Amino acid sequence: MTQSPSIDPTVAANSKSWIGTVQIITAAVCWGTLGIFSTFLHESGFNGLQIAILRIVTAAVLILVMLPKLWPQLVKLPSRQWINLALQSLIGVLGMTVCYIFAVIYVGAGTAVALLYTAPVFSLVFSHFLLKETITKQSALLALLAVIGVGLTTAGSSNAANWGILLGLLSGVCYSLYGVLGKRAMHHSHSAPLVFFTSIISSAVILLFIPTTYETYAKLSQLPTITWWYALGLSLVGTVAPFLLYMKALEKLPATRASVFTIFEPLTALFLAMLLLHQALAPIQYLGVVLILFAALLNALLNSVTIRVPKWRSKRPS
């Protein structure tokens with residue numbers, strides 16, 4: 001009887017790592033299309049709130065397929081935790097989506113996604129006050145670098161663009177709160193799929209109480225089929241698919257290492273904005289974008305190095 005050849009554990013681990021890396025990069029590229037689909041929908045006659053509705057409510061319908069698997073966890077959630085998850089959804093999903101899409105409309109997809117990536121700066125502050133995490137000198141310097149980058153992106157901007165920059169920064173605030181509140185939710189042993197599911201569903205439920213939601217879908221039904229594809233792309237390609245890919249990748253990679261590769265999101269948005277939308281920035285504004293993205297990337301790299309500290313040095317009382 002012949003024995004099957006054994007698989008080298010190192011080779012298997014490297015293979016999983018590569019697959020996880022590809023999944024993370026693909027997820028980041030998908031997230032990078034949000035600004036493009038939003039712009040196409042805006043050109044089709046939808047305003048920022050309507051585009052946010054199309055993204056969230058359509059995504060909620062798509063992720064209902066997750067309900068049977070998550071139902072045992074959902075029925076065990078106490079009412080207080082439902083309230084916390086709904087608050088996270090209101091700020092991190094609905095708030096971020098509305099602010100980000102209006103920023104895309106005012107300043108373009110490339111600048112908007114760069115401003116969204118100021119989230120790590122705000123995360124430092126919120127993590128300090130909500131999670132009692134310390135702010136290191138390195139983190140503070142990176143935050144300062146990002147702030148300088150934001151200042152450069154405002155150079156020569158009009159009043160409308162300044163509103164877009166403010167909304168872009170607010171999207172970063174909401175995005176950071178989603179991560180911080182989500183991290184706190186994980187402390188209650190909530191799985192990442194559960195947090196994602198309840199976030200999208202909670203926002204969708206809130207939107208179902210406003211008449212604009214029904215007006216938006218009535219308007220969509222009267223437009224050409226290509227507009228329907230834009231709405232589906234916004235929800236499927238820009239929301240649901242990247243999350244599922246990201247979750248699969250986290251089964252193969254540490255979260256801190258995975259965060260390094262999310263830098264492909266703003267790079268994708270910038271590239272597609274230039275290629276498909278012909279949106280260009282002034283040289284000094286590109287410098288500001290580079291500084292913001294460099295600060296975000298360096299922050300992720302420093303976090304990935306942190307996980308290599310030996311266990312006896314990294315243990316802290318819970």
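Which residues line the second largest cavity?

## Cavities

Leu34, Ser38, Arg55, Thr97, Tyr100, Ile101 and Leu234 line the second largest cavity. This is a predicted model, in which local features need pLDDT of at least 70 and side-chain atom pairs count only at pLDDT 80 or more, while totals for chains, interfaces and linings use all residues. Residues are numbered from 1 along each chain as its sequence is written, and side-chain values use heavy atoms, with hydrogens and water left out.

A cavity is a set of points, on a 1 Å grid over the protein atoms alone, where a 1.4 Å probe fits but cannot get out; lining residues have an atom within 4 Å of a point. The structure holds 2 cavities of 30 Å³ or more. The second largest cavity has a volume of about 30 Å³, and H5 gives the most to its lining, with 3 residues. The largest cavity holds about 70 Å³. Its lining has 13 residues, of which Pro120, Val121, Leu142, Ala143 and Ala295 lie nearest the centre. Helix H7 (119-130), helix H8 (137-153) and helix H15 (283-306) each supply at least two residues of that lining; helices here are DSSP runs (H or I, at least four residues), numbered from the N terminus.

## Second largest pocket

A pocket is an open set of points with protein on both sides within 12 Å along at least five of seven lines. The second largest pocket has a volume of about 250 Å³, a volume being the space filled by probe spheres set on grid points joined across faces, edges and corners. H12 gives the most to the lining of this pocket, with 4 residues. Phe243, Leu244, Met247 and Lys248 are among the lining residues.

## Aromatic rings

Phe243 also takes part in an aromatic pair with Phe196, stacked at 3.7 Å centre to centre with 10° between the planes. Rings of Phe, Tyr and Trp (its six-membered ring) pair if their centres lie within 6.5 Å, and planes under 30 degrees apart count as stacked. The pair links distant parts of the chain, with Phe196 in helix H10 (residues 192-207) and Phe243 in helix H12 (residues 225-250), 47 residues apart. Phe196 and Phe243 are buried, that is, under 20% relative accessible area (1.4 Å probe, protein chains only).

## Ser171

Ser171 lies in helix H9 (residues 159-186) and is buried, with a relative accessible area of 0%. Contacts of Ser171 (heavy atoms within 4.5 Å), not counting residues up to four places away in sequence, are with Met96, Cys99, Tyr100 and Leu116. Tyr100 is also one of the residues lining the second largest cavity.

Conventions
Buried < 20%, exposed > 50% of the residue type's maximum accessible area, 1.4 Å probe, protein only. Phe/Tyr/Trp six-rings, centres within 6.5 Å; stacked < 30°, edge-to-face > 60°.
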